[in-house]
Each structure stands twice: as structure tokens, then as C-alpha cells.
Amino acid sequence: MHARHAAVAVAVATMAIVGTSACSADPSARPRSASPSASTPLQDRLRDGLLTQAQLPDGFKALTEQVNSTTTGAPHAPASTVSIAQMPCPELGVGNFMAVHAPPVEDVAVGLEQVPADDGDVEDEGWFGQESLDRYAPGQAAAVMDAIRGAAQRCPSYTDTFFDGTHGQSTVSVTGADVRADDSLVLRITSTMPEVTDPFISETGFVREGDVILMVQKVVGQKPRSGVEAVLPAAVAAYRTAAAG
């Protein structure tokens, strides 16, 4: 990647991941309960629903080497009095907009990486992201999903301003996630910049199971082999197995 492209990629990635919504948890560092009981703390039960390396599709890694192996209580960022329905459009491209504008009661997360293909394809750089599980008060998760859809409809496009004063244009789209759940969607943001031929794409898949919203986030990439849909089915299966135990 040329220096200009690298600088732009860093700028976009910084916008996407600033203050990620949950402290990462190392799912391979704790014992899995064969059958978590109702007496198990809710936070521990939520943590058991995160993906492990063994549950990830081929070509993906759980980033457990440099993450915190404990869960933390939400919220992790100062809560805003501005709701998702009212937040500025560029906030959709910031990784912690849920924590700031719709803070959950509890959350856990683990980092993810799609490893670049080892086949000489210089355009495939893989991607980084995370899986997170956010638990809301009864009934609130459905309202949060509606608010995300509403924000995407309100903000079909917007202008980004980066730290170096340059500007880019982002377009927002929402599609259905191909998983069975109470509700699901994929939020996709495509960003274009001057002097950069290929757009940068960030994605977040949202899946609601009762009062829990499962998210798989792909931070930023150009011409990725696959998006969050490659991970969502495994993530949903892992959470359901833990929740049913």
C-alpha cells in the first residue's frame, strides 16, 4: 500500500475503532461451564457466549494474545444525552457509538482477524474487527435495533473530516443478515477519499436474541475476501449454545 493510502487507511480505521464498545475478553482463557445454571452471574454467562478459536471459520483468528481476559461492566464511555436517533451522521462510523448513545447494562467482546490469503494476492490484506455481546434492560434491545435502522435511513451519506483536515464521503446502507434471529441487519459504510481509487468498507452485523445484541464488526478494508456474514452464523451458534446450556 502506498504511503498516501496507508495514511488514509489509518485515519478511517481510527474513526471506526475509537473507544470500542467493550473491553475485549479472552474466551480461551476461562473454563467453559458445561451447563451454566441460573445462579451463574449474568456477566459470566454472557462471556461464555463469545466465539472461541475452535468455533471460528477457517481463515479467522480470535485475537486473544493482547486482550483483557476479564469482562467489564458497561458503560465504558461517558454516556451521551443524545440518542442514536439524534446523533450526528458521522457517529455511525465510530466503533463505540452504541456504548455512547445506547449504553447496555453489560457487555463483553473479543478481537477478530481475517488472515490475509497466502496465495500471492497482494490486494487481500485481510481485516481486523471484533465480536461483542451487549445485554440491555428488558425490551430495550428491540428499540436499539429500530434506532440503528432509523439512523441509517436518516443518514444515507455524509462527509468525513479527518485529523489532517482532508475530507471524504461516506455512504450508508443496511441489508438483512442471513441468520434466523429475533432481528438482524448488516450496517455497511463505504468511504471514498481523494487520490484513493478503491473505497474503504466497514461493516457491522447486528443480531438480536431477546435482550442481547450480538455484533460482529469489520473495521476497515479494501476488496476483502468476505465480510461479517462469514462470521455471523458461527457467532450466533456460539451464543445460543451458551444461552441454552
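Which pattern does the protein follow, read along the sequence? I looked this up before anything else, in what is a predicted model. Going along the sequence, I noted α-α-β-β-α-β-β-α-β-β-β-β-β-α. My tally of the secondary structure came to five helices and nine strands.

**Entry: the whole chain**
I looked up burial next, and 50% of the 245 residues count as buried. For the surface, I found an accessible area of about 11,000 Å², with 54% of that belonging to carbon and sulfur atoms. I also checked the contacts between residues at least 6 apart in sequence, and 64% of these join residues at least 24 apart.

**Entry: helix 4**
I picked helix 4, which runs over residues 140-154 and has 15 residues. From its first C-alpha to its last I got 21 Å, close to the 21 Å expected at 1.5 Å a residue. Which residues of helix 4 are buried? I listed A141, V144, M145, I148, A151 and A152. Looking down the axis of helix 4, I saw that its buried residues fall within an arc of 125 degrees, so they line one face of the helix. A friendly reminder to myself: an α-helix has 3.6 residues a turn, so residues three or four places apart point the same way. On the other side of helix 4, I found D146 and Q153 exposed.

**Entry: H101**
I then went to H101, in helix 3 (residues 97-101). Is H101 buried or exposed? I noted a relative accessible area of 12%, so H101 is buried, under the 20% cut-off. A polar atom of the H101 side chain lies 2.7 Å from the backbone oxygen of V82. Leaving out residues up to four places away in sequence, I found H101 touching S80, V82, S83, I84, M87 and E91.

Key. Residues numbered from 1 in each chain as written. Predicted model: local features only at pLDDT ≥ 70, side-chain atom pairs only at ≥ 80, totals over all residues. Heavy atoms only, no water. Helix = DSSP H or I, 4+ residues; strand = E, 2+ residues; numbered from the N terminus. Expected span 1.5 Å × (residues − 1). Buried < 20%, exposed > 50% of the residue type's maximum accessible area, 1.4 Å probe, protein only. Arc of directions from axis to C-beta. Polar contact = N/O pair within 3.5 Å; in protein donor to acceptor, adjacent residues only side chain to side chain. Contact = heavy atoms within 4.5 Å. Areas by Shrake-Rupley, 256 points an atom, 1.4 Å probe, with all protein chains shown as cover.
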